[in-house]
Amino acid sequence: MATVPEIKIMRSESLGHRSDVSSPEAKLGMRVEDLWDEQKPQLSPNEKLNACFESIPVSAFPLSSDSQDIEIRSDTSLAEAVQTLSKFKVLSAPVVDVDAPEDASWIDRYIGIVEFPGIVVWLLHQLEPPSPRSPAVAASNGFSHDFTTDVLDNGDSAVTSGNFFEVLTSSELYKNTKVRDISGTFRWAPFLALQKENSFLTMLLLLSKYKMKSIPVVDLGVAKIENIITQSGVIHMLAECAGLLWFEDWGIKTLSEVGLPIMSKDHIIKIYEDEPVLQAFKLMRRKRIGGIPVIERNSEKPVGNISLRDVQFLLTAPEIYHDYRSITTKNFLVSVREHLEKCGDTSAPIMSGVIACTKNHTLKELILMLDAEKIHRIYVVDEFGNLEGLITLRDIIARLVHEPSGYFGDFFDGVMPLPENYRV
């Protein structure tokens, strides 16, 4: 049986310099290097970086593996969409409107971005009929009277029982609902695209200060997304720039020197290992965060991490929880790891357990570790392994650039407001 791995403290001596200057990311870093040398000497290093990134268009960013022509048709069922996202190991994908005319522009061709968490949230809310409480709505969607009554009467205890997601994923609701039917309802990523000529600085600020997870890049003359830039993609680019002068000047600073972690242990949203796993996803949704540490009861030591990406295992492998009376966070972690081991997929981030660092590590060390482990967050611990803080990719990017006064101007004008039935 799989066990929960211990905390792994990042070791500085294991992190070397990157030397592959031929990678697209390293070439981009060298372009920043050339621009860095041209900046006025009176500018601070941070002002120099801002100026460099403002001079580079987003069209120069290397193509992301998340943009490998993965698109979801609007008439795709939720079940098919989940299988596609899982197959390509992506959290989200743009949705193409099948009813759009052939000559439609990109803004008319795409109706949004669908995510794993959005599908789960939407499905669960279908089991919450309006007052007075009645199983009629859920039963009409393919659930038995007994099953629906259990969910409505028992709340989370029934929803976290081992066979819940087996029943859910075999329901007519899951099989027949189309992606377009949930458009604008639950946790769809903002569909704010950048044009190819927009700058790197704009992109970096959207990913950090404005909390976007991913940004499509479009060409106004072509009705198709050309690239999708993610926080992970930016971190990988930075990792490939290790050794370059501008990067080393910035990267040698310790976390404490640049004011990280921003989030202290008292403000970290966490969950205990004996609580229902759905509570973890509810907390992530409510607090708009991408992951949450799993803590031992009566302890401040993290024993695992659950991210939004992990919600896929509730829909793609529901049979692995069949024997549990309740899918607690610990049961979830152990079952998913056993499942991945059987499938031969030992590279998934959830297999790594808790990756941690201390305040004495440098930005460079942090970036290299995040890139190597393919994770989006790292926990800061004290000398005893107790949770002391949290650092996300967004925090790191925010230490790279800053928003000049009045920078965005009317950039956000015309962005469509959230629909009335938007609940997250």
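1. A cavity is a set of points, on a 1 Å grid over the protein atoms alone, where a 1.4 Å probe fits but cannot get out. Grid points are joined across faces, edges and corners, and a volume is the space filled by probe spheres set on the points. By this rule the protein has three cavities of 30 Å³ or more. The volume of the largest cavity is about 120 Å³.

2. On the source: this is a predicted model, in which local features need pLDDT of at least 70, side-chain atom pairs count only at pLDDT 80 or more, and totals for chains, interfaces and linings use all residues. Residues are numbered from 1 along each chain as its sequence is written, and side-chain values use heavy atoms, with hydrogens and water left out.

3. The lining of the largest cavity consists of 11 residues, where a lining residue has an atom within 4 Å of a point. Closest to the centre of this cavity are Pro117, Val121, Phe281, Lys282 and Arg285. Two or more lining residues come from each of α5 (116-125) and α14 (277-287). Helices (H or I, at least four residues) and strands (E, at least two) are DSSP runs, numbered from the N terminus. By type, the lining has eight nonpolar residues, no polar ones and three charged ones. Here Ala, Val, Leu, Ile, Met, Phe, Trp, Tyr, Cys and Pro count as nonpolar, Asp, Glu, Lys and Arg as charged, and the others, Gly among them, as polar.

4. Overall, the protein has 18 helices and 14 strands. Of its 424 residues, 51% are buried; buried means under 20% relative accessible area, exposed over 50%, and partly exposed in between (1.4 Å probe, protein chains only). Contact means heavy atoms within 4.5 Å. Among contacts between residues at least 6 apart in sequence, 68% join residues at least 24 apart.

5. Two strands pair if DSSP finds at least two bridges between them. Strand β10 (residues 291-295) runs antiparallel to β11 and is joined to it by five bridges. Within the sheet, Pro293 stands opposite Asn305 in β11.

6. Some backbone details deserve a check. Most residues other than glycine have a negative phi, and most peptide bonds are trans. Lys89, in the loop between α3 (78-87) and β3 (92-96), has a positive phi of about 55°. Lys89 is exposed, with a relative accessible area of 55%. Lys374 lies in the loop between α17 (363-373) and β13 (377-381), and its phi is near 60°. Lys374 counts as exposed at 52% relative accessibility. The peptide bond from Leu260 to Pro261 is cis, with omega near 0°.

7. Lys224 is in the loop between β6 (214-218) and β7 (225-230). Its relative accessibility is 31%, so Lys224 counts as partly exposed. Lys224 and Ala104 are 120 residues apart in sequence and 9.8 Å apart in space, C-alpha to C-alpha.

Key
On a 1 Å grid over the protein atoms alone, a cavity is a set of points where a 1.4 Å probe fits but cannot get out, and a pocket is an open set with protein on both sides within 12 Å along at least five of seven lines; lining residues have an atom within 4 Å of a point.
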